[in-house]
Amino acid sequence: MASHAYALDYLTPEPTSPLGMLRILASEHGIREIAFVDSAETPAAPSPLTDICREQLSAYLKGELRDFDVPLDPQGTPFQQRVWQALARIPFGETRSYAEIARDIDNLKAVRAVGAANGRNPLPIVVPCHRVIGRDGTLTGYAGGLERKAWLLELERTHIRHHPMR
């Protein structure tokens, strides 16, 4: 657990989900980390921020929420922060390539660095790194595993098909 963190909680999605348990870590400023974990290694010590994040993640996983508005506090380099901000701009149900993210941050030569920053995203799902795919449309690496990535993308596609924006 990070030294500046003060709140910890867990979310266990529906048994039909391959996501497994999610650990939610918050500082006093916002959500610091969301991680895929096998079990609750430390007892939960929730806060209003972790409660909001847990509720929003639950709603997203039920197809009831497309955009998160919980305050965030990810820790990373300025470059990583720019990449994560670009990821957060990818609309629900859409995907982007690493090259498109590099173009979005005005650094066309940084495709590999974008991939590295994407892999270090401490807020999967909320900062949707699962929406980044290979230039040819193939699923590429995901810190949570390709099965989770495929499931999240299908969740969004299914929700859009059944509940298009009006």
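Predicted model: local features only at pLDDT ≥ 70, side-chain atom pairs only at ≥ 80, totals over all residues.
Q: How far apart are the C-alpha centres of domain 1 and domain 2?
A: The protein chain is divided into domain 1, covering 7-62, and domain 2, covering 78-162. Across the boundary between them, 13 residues of domain 1 are in contact with 16 residues of domain 2. The distance between the C-alpha centres of the two domains is 20 Å.

Q: Which residues of domain 1 lose the most area to domain 2?
A: Domain 1 and domain 2 bury about 1,300 Å² between them, and 73% of that area is on carbon and sulfur atoms. On the side of domain 1, three residues together account for 48% of what that side buries. The residues that lose the most area there are P18, F36 and Y60.

Q: How many residue pairs are in polar contact between domain 1 and domain 2?
A: A salt bridge needs a side-chain nitrogen of Lys or Arg within 4 Å of a carboxyl oxygen of Asp or Glu, and the count of such bridges between domain 1 and domain 2 is zero. Polar contacts between the two domains do occur, and with both residues at pLDDT 80 or more the number of residue pairs is five.

Q: Which element gives the most to the side of domain 1 that touches domain 2?
A: The elements that give two or more residues to that side of domain 1 are β3 (31-37) and α1 (48-61). The residues of this side divide into nine nonpolar, two polar and two charged. The element that gives the most, with five residues, is β3.

Q: Is R131 buried or exposed, and what is its relative accessible area?
A: R131 is placed in the loop between α4 (111-119) and β5 (132-133). Leaving aside residues up to four places away in sequence, R131 touches a set of residues that includes Y60, R66, F92, E94, R96 and E156. Because buried means under 20% relative accessible area, R131 is classed as buried, with a value of 4%.

Q: What is the N to O distance in the salt bridge between E94 and R96?
A: E94 and R96 are both among the residues that R131 touches. E94 counts as partly exposed at 35% relative accessibility, and R96 counts as partly exposed at 24%. Their side chains meet in a salt bridge with an N to O distance of 3.0 Å.

Q: Which helix holds both E154 and R157?
A: E154 forms a salt bridge with R157, the closest N and O atoms being 3.3 Å apart. E154 is partly exposed, with a relative accessible area of 32%, and R157 is partly exposed, with 37%. The two residues lie three residues apart, about one turn of the helix, in α5 (residues 146-162).

Note on methods. Residues numbered from 1 in each chain as written. Heavy atoms only, no water. Domains from an automatic or database assignment. Contact = heavy atoms within 4.5 Å. Buried area = accessible area lost by both parts, 1.4 Å probe. Polar contact = N/O pair within 3.5 Å; in protein donor to acceptor, adjacent residues only side chain to side chain. Helix = DSSP H or I, 4+ residues; strand = E, 2+ residues; numbered from the N terminus. Nonpolar A, V, L, I, M, F, W, Y, C, P; charged D, E, K, R; others polar. Buried < 20%, exposed > 50% of the residue type's maximum accessible area, 1.4 Å probe, protein only.
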